[in-house]
Amino acid sequence: MTKTRRGPIRAAVPLIPAAALAALALLVAGCSADADRDGDGRPESAGRAALAADAGAGTGATPDKARIAENVKSALEVRISTGEGRFGSGTHSPCATSSPKVFTEECGEAADYTREAARFALDEIDGRSGFATLGTAARKLDKAAATYRDLGCAKNPAAADARKACLDPAGVVAQGFSDLRDGANLGLAGK
């Protein structure tokens with residue numbers, strides 16, 4: 001009985017397809033992650049492209065309000081979902097008034113991101129009818145996030161009156177993603 005010794009090349013052959021498959025998976029995952037992101041790591045406005053396509057679709061006729069509302073909702077939902085995944089929402093937000101992080105930069109970052117989402121919503125609905133609730137929620141959120149930053153709430157203010165003044169805008173920010181989503185949903189009904 002003779003022993004056959006596998007050479008180093010024959011032993012590595014089964015590993016080549018596995019390595020190639022792993023490299024392909026990384027390439028595909030990287031490409032699809034980059035496809036929906038701007039250079040700043042935030043989701044790009046995929047819905048803007050859809051809205052622009054709607055505006056020029058077909059024979060040049062004005063797209064129906066339901067389709068526009070759905071595109072606005074979809075574009076905004078990308079930002080809302082990303083923000084909720086990163087910062088949480090409601091009582092799970094660092095800006096929840098009961099959170100120990102309400103006076104930290106983590107809440108400040110959540111306020112900044114939420115404000116961007118609110119401004120995005122305002123840009124998307126500018127000049128369009130049927131988005132009264134979304135517009136009201138977005139303006140309130142924009143103002144609250146700006147107030148939170150203007151008061152220096154993320155810098156852990158020591159004075160009791162300053163801390164108290166931070167709680168209202170922080171609470172609005174904590175609830176912001178839900179309010180934007182509700183407004184977008186009501187936009188589907190033209191409200």
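1. Contacts along the chain. In this predicted model, 70% of the contacts between residues at least 6 apart in sequence join residues at least 24 apart. The chain has 7 helices and 0 strands, and its order along the sequence is α-α-α-α-α-α-α.

2. Burial and surface. Of the 191 residues in the chain, 34% are buried.

3. Helix 5 against helix 7. Helix 5 covers residues 105-125 and helix 7 covers residues 160-188. Their axes come within 9 Å and cross at roughly 30°. Because angles under 35 degrees count as roughly parallel, helix 5 is roughly parallel to helix 7. The crossing of these two helices is left-handed.

4. Residues of the helix 5 and helix 7 contact. Helix 5 contributes Ala110, Ala111, Tyr113, Thr114, Ala117, Ala118 and Ala121, and these meet Val173, Gly176, Phe177 and Leu180 of helix 7. By class, the residues of this contact are 9 nonpolar and 2 polar, with no charged residue.

5. Helix 6 against helix 7. The axes of helix 6 and helix 7 lie 8 Å apart, and the packing angle is about 155°. Angles over 145 degrees count as roughly antiparallel, and helix 6 and helix 7 are therefore roughly antiparallel to each other. The crossing of helix 6 with helix 7 is left-handed.

6. Residues of the helix 6 and helix 7 contact. On the helix 6 side the contact is made by Thr133, Leu134, Ala137, Ala138, Lys140, Leu141, Ala144, Ala145, Thr147 and Tyr148. On the helix 7 side it is made by Cys166, Pro169, Ala170, Val172, Val173, Gly176, Asp179, Leu180, Gly183, Ala184 and Leu186. This contact has 15 nonpolar, 4 polar and 2 charged residues. Val173, Gly176 and Leu180 of helix 7 are among the residues that meet helix 5, and they are also among those in contact with helix 6.

7. Phenylalanine 131. This residue sits in the loop between helix 5 and helix 6 (132-150). Phenylalanine 131 has a relative accessible area of 7% and is therefore buried, the cut-off being under 20%. Apart from neighbours within four places in sequence, phenylalanine 131 is in contact with Ala69, Val72, Ile125, Gly187 and Lys191. The C-alpha atoms of phenylalanine 131 and alanine 189 are separated by 8.9 Å, although the two residues are 58 residues apart along the chain.

Key. Residues numbered from 1 in each chain as written. Predicted model: local features only at pLDDT ≥ 70, side-chain atom pairs only at ≥ 80, totals over all residues. Heavy atoms only, no water. Axes fitted to C-alpha atoms, helices over the stretch in contact; angles between N-to-C directions. Helix = DSSP H or I, 4+ residues; strand = E, 2+ residues; numbered from the N terminus. Parallel < 35°, antiparallel > 145°, perpendicular 65-115°, else oblique. Left-handed = near helix turned anticlockwise from the far one by under 90°. Contact = heavy atoms within 4.5 Å. Nonpolar A, V, L, I, M, F, W, Y, C, P; charged D, E, K, R; others polar. Buried < 20%, exposed > 50% of the residue type's maximum accessible area, 1.4 Å probe, protein only.
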